[in-house]
Amino acid sequence: MQRVLVTGGAGFVGSNIVRYLIHETPVHVTVLDALTYAGAWKTLEGLPASRLERVQGDIRDARIVDRLVARADAVIHCAAESHNDNSLRDPLSFISTNVMGTGVLLEACRTYDARFHHISTDEVFGDLPLEGEAAFTEATPYEPSSPYSATKAASDHLVRAWIRSFGLSATISNCSNNYGPWQHVEKFIPRQITNLVDGVRPRLYGDGLHVRDWIHARDHASAVWAIVEKGRIGETYLIGARGEMSNKEIAGLILAEFGRSPDDVEYVDDRPGHDRRYALDPSKIMAETGWAPETDMAAGMRETVQWYRDNEAWWRPAKAGVEKTYRAEGF
Ligand code: NAD
Ligand code: TDX
């Protein structure tokens, strides 16, 4: 494999994957990204031009997608509308990008016989009760809650249909919540870190006891590459690091980095339809590819807080607008 096309490579997960590919593999990377509010070339700064081609364009544009897929050995598809809260405000844009966009890519991969890997989310499975040890597996039925997760579920189904009906060489991964550098300030962890930089208390939805299963974005990236290299065609793999924590506990870790009490939080309105708990079992990818996460959660969070403190120029332009929208809605 020599040439990899990464869609959405100027966003959070995509840019962490691009960095992994450049630093840890010999492949040449082309990024196709529409540079929406969530993507920017500055996120890929410092990477060598000899290994990285950047193309601004939309995954729903079949002409540009065809041109790039024609010369790619593999496509890693990360481009998406990715934020649950936005999907409650404007669901149709999620259907357009996440469903139609994935369809356009699948058609191009069918035409040019390219290997396709779909980056998806554990949210397609719905949520779990707070009580108990249950965790999602590859066999868990789909039960998405939000417009965002419903469009990701739809795009997973499209990939499986192209595998079965057209023999597409494709794999899917459903990953748990990512944290790390270059995540947009609309998301939970960057929002609270940057709030604290501004002297504002972390804002917890509802009772703050909702649980997410956290993984560092570079561990997600290494897992994706393990699947592209060693995964079985047609298979789905769950990616996670057994990192369950409540939102209140995460806020406490961030507050500690600022020398503040773990109870120094503000409870705000709850997200409509808010999923209670996510947890997933990553046994399959570990057994089949030998992949394992490497980042310790406490160290990864410390490093992430420091990254946002050191990189204010990267996140500051988006902060005021994001907070204005949240505050207008009671968040
Ligand atoms: P993000 O919003 O940070 O990045 C999305 C990127 O896609 C941006 O660069 C944006 O410009 C680009 N994009 C959006 N619409 C596009 C279009 N029509 N054409 C081309 N590019 C377009 O999102 P993220 O958190 O990096 O998520 C990326 C993928 O990873 C998504 O598919 C998401 O479902 C999946 N995922 C994310 C997480 C997480 O915790 N962030 C966890 C599991 C899976
Ligand atoms: O200010 C906040 N306060 C708060 O309590 C925000 C922004 C969020 N929350 C809560 C909601 C969730 O329980 O924090 C948790 C995490 O919220 P998000 O960062 O919005 O992530 P989530 O909705 O869990 O979805 C994320 O993980 C799965 C990504 O955004 C998705 O793209 C991915 O598929």
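This briefing looks at the surroundings of a ligand and at one pair of helices. The model is predicted, so local features need pLDDT of at least 70, side-chain atom pairs count only at pLDDT 80 or more, and totals for chains, interfaces and linings use all residues. Residues are numbered from 1 along each chain as its sequence is written, chains are lettered from A and ligands numbered from 1 in the order in which they are written, and side-chain values use heavy atoms, with hydrogens and water left out.

**Around ligand 1**
- Ligand 1 is surrounded by 29 residues (a heavy atom within 4 Å counts as near), and the closest are Val13, Asp33, Ser82, Tyr148 and Lys152.
- By class, this shell has 13 nonpolar, twelve polar and four charged residues (Ala, Val, Leu, Ile, Met, Phe, Trp, Tyr, Cys and Pro are nonpolar, Asp, Glu, Lys and Arg charged, the others, Gly among them, polar).
- Strand S5 gives the most to the shell, with three residues (strands are DSSP runs of E with at least two residues, helices runs of H or I with at least four, numbered from the N terminus).

**Atoms close to ligand 1**
- A polar backbone atom of asparagine 178 is 2.8 Å from an oxygen atom of ligand 1.
- A nitrogen atom of ligand 1 lies 3.4 Å from a polar side-chain atom of threonine 97.
- Taken alone, ligand 1 exposes 830 Å², and the protein buries 97% of that (Shrake-Rupley method, 1.4 Å probe).

**Two crossing helices**
- The axes of helix H6 (residues 188-197) and helix H11 (residues 312-328) come within 10 Å and cross at roughly 100 degrees (axes are lines fitted to C-alpha atoms, for helices over the stretch in contact, with angles from 0 to 180 degrees between N-to-C directions).
- That makes H6 roughly perpendicular to H11 (65 to 115 degrees; under 35 is roughly parallel, over 145 roughly antiparallel, the rest oblique).

Note on methods
A polar contact is a pair of N or O atoms within 3.5 Å; within protein, one must be able to donate a hydrogen and the other to accept it, and residues adjacent in sequence count only if both atoms are side-chain atoms.
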